[in-house]
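Work through the exercises below with the sequence and the coordinates at hand, and try each task before reading its solution.

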Amino acid sequence: MDVDLWTEKYRPQTLNDIIGQEPVVDRLVRFVKAKAVPHCLFAGPPGTSKTTAVMAMARDLFGDSFDSNFMELNASDERGIDVVRNQIKNFARAMPAGDAPFRILALDEADHLTSDAQHALRRTMESYAASCRMILLCNYSSRIIPPIQSRCVIFKFARLSDEAMLGRLKYIAKAEGVQLGTKGIDAILYLSKGDMRAAINLLQASASTGEKVTDDVIYAISGRADPERIRSMLSASREKRYHEALDILKDLTYHQGVSPVDLVQQIHREVLSSELPEQRKMNVLERTAEAEFRISEGADGEIQLTALLAFMGL
Amino acid sequence: MSRESLPWPERYRPRSLEQLVGNTDTIRTLREWISSWRREIPKKKAILLIGPPGVGKTASIGALSHDLDMELVEFNASDKRNKGSIETTVWIAATQQTLDGRLRIIMLDEVDGLSGTSDRGGVGAILNVIAESVHPIVMTANNPSSPRLKDLRKNSLVLVFEPLEPSNVMGVLKRIADSQDALVKDKILEEIAERSAGDLRAAISDLEAILRGGFPLEGELPSRDIKRNVKEALSRLFMTTDSVAARRVVSEADVDHESLLLWLEQNVHLHLRSTKELEMGFEALSLGDLTLGRIMRKQNWKLLSYVYDFLSAGVATSRQESPFRHVDYTEPNWPLMVWQGNRKREKKTQILTKLAKFTGVSVRRGARTHQDTIERILEREPKLKGAFTSWLGIKSVAFDRSRSAR
């Protein structure tokens, strides 16, 4: 059996293979053509091709000398000032190997660098600009101190659209010989919420059972409930058919093994997109938050969920 | 490696004072102060340049050292700057003459970035170096309220750099675009200049990104200005009263929950004008804050999603009668107030420690009994202030009754 992680196996190797993010990728492609890259800051939620874009850009630029001219550091592992003063400075001041115009240093999760460390990065970015370009990756650009932002060109990565995800998932499924139906795809899109990495991981996990990848398999693998079931549970309790609501709840927790915390989170999502009047919706949200907090504090999941369902019937 | 491949902010870094724009008076003062070293060593041997990023603090020193033909030695936050390393490296540079007898400018960049842990004792060491130096010492910093600057301010001349005028930024952008033989519409240059909020380095970076990476579509220039980002997000948030739309605004806004909470607290009353709305809005804020507290206590980040619910949908749906209007949002003053409060308390504690020592009671009791008495006496007989200060051996008295005085 193939043990490769699909997220790595199908990570796009060149900029042109990246799906979605067209405005950003277009510009990166031109940087590569001009062999001139400024310092950059990539900001966006997880699984939106930030790391992929850096690596693909470096590969397109460096070709064979990729290994000696590219370094990736994950700032959340080593985020103190000493990393900047030692590791980063040492990499940055070395001359690029081969005929590369400069080296590239990718700092993943740069928003986790301490503010001291970010300060130490400032002049390093300028002093060694001739030999090294830095690409900072983060979820929120607001966590990066202004002097660093001032030194970077900022690119925003948006969550991937369903269409973009769909195309890629179908491509991978075909390449791996996995049977993936429309309902299966919908389930993956529902659960991954625009996070490509999560979607591919889910597809691989579901395919590993060897069956056809249907929505049932996907919900079972991910330990989540079919949103349809959640919706019918909620409408039952809203219409005061308590027994029916409780039956669904029991089936989900005991037979399908959905954990109470996951259930509350799915309820939360349904409440948000429901048609309840706004004021009522806020009240229900408040109760939902409370239920999740109590469960995480060790309260019994079934009792809390039943109470939550009862509240919805009020 | 040619200069061609350098990122533009480096490639077009000013080499001479003539190329600098903005802050003319400040830069003139700086120039005069450094030139005065040729005649004699001035009273203040260090100068502290404070200002936001990209306005020419470091650049003006570089250009000055070139124009005045002085040697430039730079120490910045990427170097280790604890007591030991400052007392060796910086001290040697500051106290010894140069080989060719030229003056040497010692630049300590980013002194507000001295690390609390790794650079322990750094400020004290810098003060010692200033006292002994035979060369001008120039320091730069961004954050005027940084506690690390407290002692440095006292011992140096302080110069404040302001953000650059859009016209100044425009001028430089035009010059660069011309040197690249690139035709750029004035409108685009104007937008870059305006978006940069007086940060020339950022503007040059943006120009580079556009000229090398292709023109952006209308309104696609990314913004670095955190305040501006937050303000735009707030305005869009209050435009809607629909929970789903509100949630989307916040998730697209690239604003983290902590700043969002602070900004909302400072500004919700501008939109929620009736008492009922205000109550509902603050209830939502309070729930968001409560949930954040729960997250912090147990690191239960799964609850974060609810924080965003309360801070977006909760606040936006509270507006039920007041019509939407465009308002000027103010920056949260809460962090500043905490800082000021701490400083005031620091001073008080200093007095109280002395009092406690003299009277043989605990600090807390001293505050309850003796301090109050002294304050009452001084209220009636302000002339006694001097006597009390000399008795306690403190410089000036912060005995002013801040509670009743204001």
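A salt bridge is counted here when a side-chain nitrogen of Lys or Arg lies within 4 Å of a carboxyl oxygen of Asp or Glu. The model to which this rule is applied is a predicted one.

**Exercise 1. Apply the salt-bridge rule to the interface of chain B and chain A, and examine one pair.**

Step 1. Across the interface of chain B and chain A, the rule finds seven salt bridges.

Step 2. For A:Arg123 and B:Glu74, the N to O distance is 2.6 Å, and the cut-off to compare it with is 4 Å, so the two side chains meet in a salt bridge.

Step 3. Polar contacts across the interface of chain B and chain A amount to 18 residue pairs, with both residues at pLDDT 80 or more.

Step 4. On the side of chain B that touches chain A, at least two residues each are supplied by several helices, among them helix H9 (200–213), helix H10 (226–239) and helix H13 (275–298) of chain B. Sorted by class, that side has 20 nonpolar, 23 polar and 26 charged residues.

**Exercise 2. Describe the extent of the interface of chain B and chain A.**

Step 1. Counting residues in contact gives 69 residues of chain B and 57 residues of chain A.

Step 2. The size of an interface is often given as the accessible area that is lost when the parts come together. For chain B and chain A the buried area is about 5,300 Å², with 51% of it on carbon and sulfur atoms.

**Exercise 3. Find what links parts of chain A that are 39 residues apart in sequence.**

Step 1. The search of the whole structure gives 29 salt bridges over all chains.

Step 2. Because A:Glu270 lies in helix H14 (residues 260–273) and A:Arg231 in helix H12 (residues 227–238) of chain A, the pair ties together parts that are 39 residues apart in sequence.

**Exercise 4. Classify the aromatic pair of A:Phe42 and A:Phe157.**

Step 1. Over all chains, the count comes to eight aromatic pairs.

Step 2. The rings of A:Phe42 and A:Phe157 are 5.0 Å apart, centre to centre, with 45° between the planes, and the pair is tilted.

Step 3. A:Phe42 belongs to strand E1 (residues 40–43) of chain A, whereas A:Phe157 is in the loop between strand E5 (153–156) and helix H8 (162–175), 115 residues apart.

Definitions and conventions. Residues are numbered from 1 along each chain as its sequence is written. Chains are lettered from A and ligands numbered from 1 in the order in which they are written. This is a predicted model: local features need pLDDT of at least 70, side-chain atom pairs count only at pLDDT 80 or more; totals for chains, interfaces and linings use all residues. Side-chain values use heavy atoms; hydrogens and water are left out. Contact means heavy atoms within 4.5 Å. Buried area is the accessible area (1.4 Å probe) that two parts lose on being put together, summed over both. A polar contact is a pair of N or O atoms within 3.5 Å; within protein, one must be able to donate a hydrogen and the other to accept it, and residues adjacent in sequence count only if both atoms are side-chain atoms. Helices (H or I, at least four residues) and strands (E, at least two) are DSSP runs, numbered from the N terminus. Ala, Val, Leu, Ile, Met, Phe, Trp, Tyr, Cys and Pro count as nonpolar, Asp, Glu, Lys and Arg as charged, and the others, Gly among them, as polar. Rings of Phe, Tyr and Trp (its six-membered ring) pair if their centres lie within 6.5 Å; planes under 30 degrees apart count as stacked, over 60 as edge-to-face and the rest as tilted.
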